[in-house]
Amino acid sequence: MPTFLTSPGPRLAVRPGLRYFYGMAQQLRRNWAAFLGCVLIILIVAHNTGRDKTFHVRTETVQLQSLKEVVALTSSVVKPLLYTNVSGLGKLPTAEAKRTFIATVLPSILVAKYQIEQNREKIYILQRKRYWSAGDSAFYYDMRRRYRAVGLTDLPDRMVTLPNSVILAQTAVESGWGQSRFFLQARNLFGIWSFNAREPRIAASRKRKTKQVYVRAYDDMAQSIGHYFEILARARSYRELREAMQHTQDPFELLPHLKYYSERRSAYTQQLKKMIIANNLTQYDTYQLDPAYLHPD
């Protein structure tokens with residue numbers, strides 16, 4: 001049996017307009033089953049929320065002893081399970097290995113995206129506040145540092161996320177469908193490098209010229225995904241991507257703006273496009289966290 005370690009998770013803010021959930025409903029308009037599920041989520045949260053009420057997500061860390069313990073994705077409502085010790089995918093038949101990889105990674109994607117979205121909502125709350133507490137100020141300056149924002153107005157524009165299909169395609173390419181050493185040993189889904197000896201990291205098997213290369217190590221996959229979005233928020237080369245994400249969540253419109261993530265440029269984004277189409281990854285763009293795990297403070 002898997003071992004579950006329950007974490008209270010961060011405290012997250014929800015705007016009065018329930019923007020997160022209504023945004024999901026807008027995306028789900030062509031999928032009636034998922035749409036009705038989203039409406040139910042809105043009603044549940046609306047019943048429990050007042051103005052600027054905060055919520056937290058109760059995640060569960062699952063230390064796998066076997067890949068058979070991975071919970072299959074049987075609906076568009078997903079439990080926030082953070083899997084560790086994900087190994088052995090290369091021994092499975094290809095189709096099963098891909099399904100299992102997606103089932104282990106997608107919950108972490110949803111957790112990371114939800115945390116970013118709700119932190120952004122909290123910034124909107126601060127914009128409306130006349131007086132800040134010490135905690136408000138600490139939160140703002142932490143977010144501003146992490147996203148390298150100019151100020152309070154610029155910050156939420158940097159706190160944006162990509163469609164699930166794009167993230168799944170990138171993690172599949174960068175981790176070799178969960179078989180890379182970075183994925184197995186460091187829970188690093190994107191091959192993100194480390195230049196700071198004080199942060200958790202592991203040595204890469206190759207050097208760049210004569211210098212040793214290191215990659216970041218993370219506590220869980222959600223942390224890796226959250227750091228990836230911070231990179232997209234900070235780098236000048238992704239400015240056009242950030243602007244595009246303000247107006248669309250169409251994965252194929254956003255893909256060209258990811259060309260600077262790889263030295264292969266357009267060949268890389270074309271690979272991502274083919275990965276999305278070949279594996280029907282857009283079906284996961286409407287998936288969302290199970291509302292039973294969203295708790296008011």
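Colleague: What makes α3 a mostly covered helix?

Modeller: A residue is called buried under 20% relative accessible area, exposed over 50% and partly exposed in between, using a 1.4 Å probe and protein chains only. By that test 26 of the 35 residues of α3 are buried. Please keep in mind that this is a predicted model, where local features need pLDDT of at least 70, side-chain atom pairs count only at pLDDT 80 or more, and totals for chains, interfaces and linings use all residues. Residues are numbered from 1 along each chain as its sequence is written, and side-chain values use heavy atoms, with hydrogens and water left out.

Colleague: How do you know what span to expect for α3?

Modeller: Helices are DSSP runs of H or I with at least four residues, strands are runs of E with at least two, and both are numbered from the N terminus. The expected span is 1.5 Å times one less than the number of residues. For the 35 residues of α3 that gives 51 Å, and its first and last C-alpha atoms are 51 Å apart.

Colleague: Where is the kink in α3?

Modeller: At V105, shortly before the proline P107, with a bend of about 25°. The bend is the angle between axes fitted to the seven residues ending at a position and the seven starting there.

Colleague: Why is α6 described as largely enclosed?

Modeller: Because 10 of its 12 residues are buried, the rest of the structure largely encloses α6. Among the buried ones are N164, I167 and S175. They pack against α3, α7, α8, α10 and α11. The span of α6 (164-175) also agrees with expectation: 16 Å at 1.5 Å a residue, and 16 Å between its end C-alpha atoms. Just after α6, G176 has a positive phi of about 60°.

Colleague: What makes β7 and β8 edge strands?

Modeller: Two strands pair if DSSP finds at least two bridges between them. The open sheet runs β7-β9-β8, with antiparallel pairing. β7 (193-194) and β8 (201-208) each have a single partner strand, so one side of each lacks a neighbour in the sheet. β7 and β9 (211-216) pair over 2 bridges, and W193 has V215 in β9 as its bridge partner.

Colleague: How confident is the predictor about the chain?

Modeller: pLDDT is its confidence in each residue, from 0 to 100. The chain has a mean of 88, and 82% of its residues reach 70 or more. Over residues 1-17, however, pLDDT stays under 50.

Terms used. Contact means heavy atoms within 4.5 Å.
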